[in-house]
Amino acid sequence: MSIIQINNHELVQRLTQVATGLNQPKELSSAIAGSFLTIVEDNFDAQGRPAWAGLSPVTEARRKSGKILNQSGQLRDSIQTEASDTEVSIGTSDPKAPTHQFGAKQGQYGKSSRGGPLPWGNIPARPFMPVDENGNLQPEAEHSIYDDVDYFYRRLFD
C-alpha cells in the first residue's frame, strides 16, 4: 500500500475542516473514492495524462487494435475503491498493475525457462492510478478532490 501525499496546503486545511465538521465523514470519503475511480477511468480513456508511451513494433504486431492497456479490460475492471470515516483507498489486485504503473527494465523479473530475460525488453511506465511514484496526486485528481471538499465545505459553512 502507498500513501498519497497532498501538497496543496489550502486543500489539506479545508479537507481537515470539512472532515471535522461532518457528522458522517464517510460521505466525503465516498465522494473522494468516486473521484479517484473517475480519474483512473479518464486516464484509461485518454491513454494517459500525460500521454503514455507508444507500443513497441513487436507488441503492436502481436495485439488486436484498440487502446493501450485495454485489450481485455481486466486491469481497468480490477480497480476498486474503499471509503471509511478516516480513509480512502484505491487499488487493484491485478499482478500486472505495478509493471504498467511504474514500468520495468529488461530482465527485472529474472529469466524465463529458456534463459531469456523477463521482461524481454524495457516496458515504459504507463501510470493509470491517480498518483505518481512519489505518492503525489496527479493534477486532475487534486482538482477533483478540491471540488469534492469544496462541495461539503459549502454545505457546512455557507
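Leaving aside its neighbours within four places in sequence, with which residues is N43 in contact?

## Basis of the model

This is a predicted model, in which local features need pLDDT of at least 70 and side-chain atom pairs count only at pLDDT 80 or more, while totals for chains, interfaces and linings use all residues. Residues are numbered from 1 along each chain as its sequence is written, and side-chain values use heavy atoms, with hydrogens and water left out.

## Overall architecture

The protein chain contains 6 helices and 2 strands; helices (H or I, at least four residues) and strands (E, at least two) are DSSP runs, numbered from the N terminus. Read from the N terminus, the order of elements is α-α-α-α-β-β-α-α. The C-alpha trace spans about 65 × 30 × 25 Å along its principal axes.

Of the 158 residues, 31% count as buried, where buried means under 20% relative accessible area, exposed over 50%, and partly exposed in between (1.4 Å probe, protein chains only). Contact means heavy atoms within 4.5 Å. Among contacts with a separation of 6 or more, residues 24 or more positions apart account for 59%.

## Surface and charge

The protein chain exposes about 9,900 Å², of which carbon and sulfur atoms supply 50%. Accessible areas come from the Shrake-Rupley method with a 1.4 Å probe, and for residues only the protein chains shown count as cover.

There are 15 positive and 19 negative side chains, and the centres of the two sets lie 13 Å apart. In this count Lys and Arg are positive and Asp and Glu negative, with His and the chain ends not counted. The place of each charge is taken as NZ of Lys, CZ of Arg, CG of Asp or CD of Glu.

N43 is buried because its relative accessible area is 0%. Leaving aside neighbours within four places in sequence, the contacts of N43 are G48, R49, W52, F128, M129 and Q138. T38, by contrast, has a relative accessible area of 40% and is therefore partly exposed.

Q47 is placed in the loop between α2 and α3. Its phi is near 55°, a positive value in a residue other than glycine. With a relative accessible area of 26%, Q47 is partly exposed. P50 also has its place in the loop between α2 and α3 (57–62), and a cis peptide bond with omega of about 10° joins R49 to P50. Most residues other than glycine have a negative phi, and most peptide bonds are trans.

## The β hairpin and its surroundings

Strands β1 (residues 80–83) and β2 (residues 88–91) pair in the antiparallel sense over 4 bridges; pairing requires that DSSP find at least two bridges between two strands. The two strands form a hairpin with 4 residues between them. The bridge partner of Q80 is G91 in β2.

T92 is located in the loop between β2 and α5. T92 is partly exposed, as its relative accessible area is 28%. In space, T92 and I79 are 4.8 Å apart, C-alpha to C-alpha, although 13 residues apart in sequence. Beyond neighbours within four places in sequence, T92 is in contact with L75, S78, I79 and A97.

A further positive phi occurs at L69, near 65°, again in a residue other than glycine. L69 is in the loop between α3 and α4 (74–77) and is buried, with a relative accessible area of 13%.

P119 is found in the loop between α5 (97–102) and α6. The peptide bond from L118 to P119 is cis, with omega near -10°.

Helix α6 (residues 139–157) has 19 residues and should span 27 Å at 1.5 Å a residue; its end C-alpha atoms are 26 Å apart, which agrees. The expected span is 1.5 Å times one less than the number of residues. The buried residues of α6 are A141, I145, D148, V149, D150, F152 and Y153, and these pack against α1 (9–21) and α2.
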